[in-house]
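Hi everyone, thanks for coming. I'd like to walk you through one model today, so please have a look at the screen.

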Amino acid sequence: QVQLVESGGGLVQAGGSLRLSCAASGRIFSINTMGWYRQAPGKQRELVVSIIRGGSPNYADSVKGRFTGSRDNAKNTVYLQMNSLKPEDTAIYYCNALVVVAGQSTYLEVWGQGTLVTVSS
């Protein structure tokens, strides 16, 4: 019913920047929360940033001051600008959204397929 498509991952040197995008499509009435999670090898998935519609981004302590999350509600898209990247930022980054599906009255949590970010030292 609803799909999230991510783009923008890749390989970058430490200190560099990358920008991730995630576009939601399908039978969307509204999107309450959009954000990004990441999962490094051998670790649990963790929150990077979440953005409630009309609210301010909520960041993980490890990325504060380096990453900037934003969303374009008209485009149902969320972005993640990553600056001053570190090797420990290497992970698969997943887009996440809490969606009200058109014609339904409940929230649906949707995940993207993930995009790999590799930061070399």
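**A buried aspartate, a core and a sheet**

Let's start with D89, which counts as buried because its relative accessibility is 1%; buried means under 20% relative accessible area, exposed over 50%, and partly exposed in between, with a 1.4 Å probe and protein chains only. Before I go on, two words on where this comes from. This is a predicted model, in which local features need pLDDT of at least 70 and side-chain atom pairs count only at pLDDT 80 or more, while totals for chains, interfaces and linings use all residues. Residues are numbered from 1 along each chain as its sequence is written, and side-chain values use heavy atoms, with hydrogens and water left out.

So where is D89? You'll find D89 in the loop between β8 (77-82) and β9 (91-101). Strands here are DSSP runs of E, at least two residues, numbered from the N terminus. Setting aside residues up to four places away in sequence, D89 touches R38, R66, F67, S84, V117 and V119, where contact means heavy atoms within 4.5 Å.

F67 brings us to the core. A nonpolar core is a set of buried Ala, Val, Leu, Ile, Met, Phe, Trp, Tyr and Cys residues joined through side-chain atoms within 4.5 Å. The largest one has 32 residues, and W36, V48, F67, L80, M82 and Y93 have the most contacts inside it. Two or more residues each come from β1 (2-7), β3 (18-26), β4 (28-39), β5 (46-52), β8, β9 and β11 (115-120). Which strand gives the largest share? That is β9, with 6 residues.

Now look at L80. Beyond its neighbours within four places in sequence, L80 is in contact with residues including L20, W36, V48, F67 and Y93. L80, in β8, also stands opposite G69.

Four strands form an open sheet in the order β1-β3-β8-β7, with antiparallel pairing; two strands pair if DSSP finds at least two bridges between them. β1 and β7 (67-72) are at the edges with a single partner strand each, so one side of each has no neighbour in the sheet. β7 and β8 pair in the antiparallel sense over 6 bridges.

One last stop: T33, in strand β4. T33 is buried, at 16% relative accessible area. Among its contacts, leaving aside neighbours within four places in sequence, are S50, R71 and N96.
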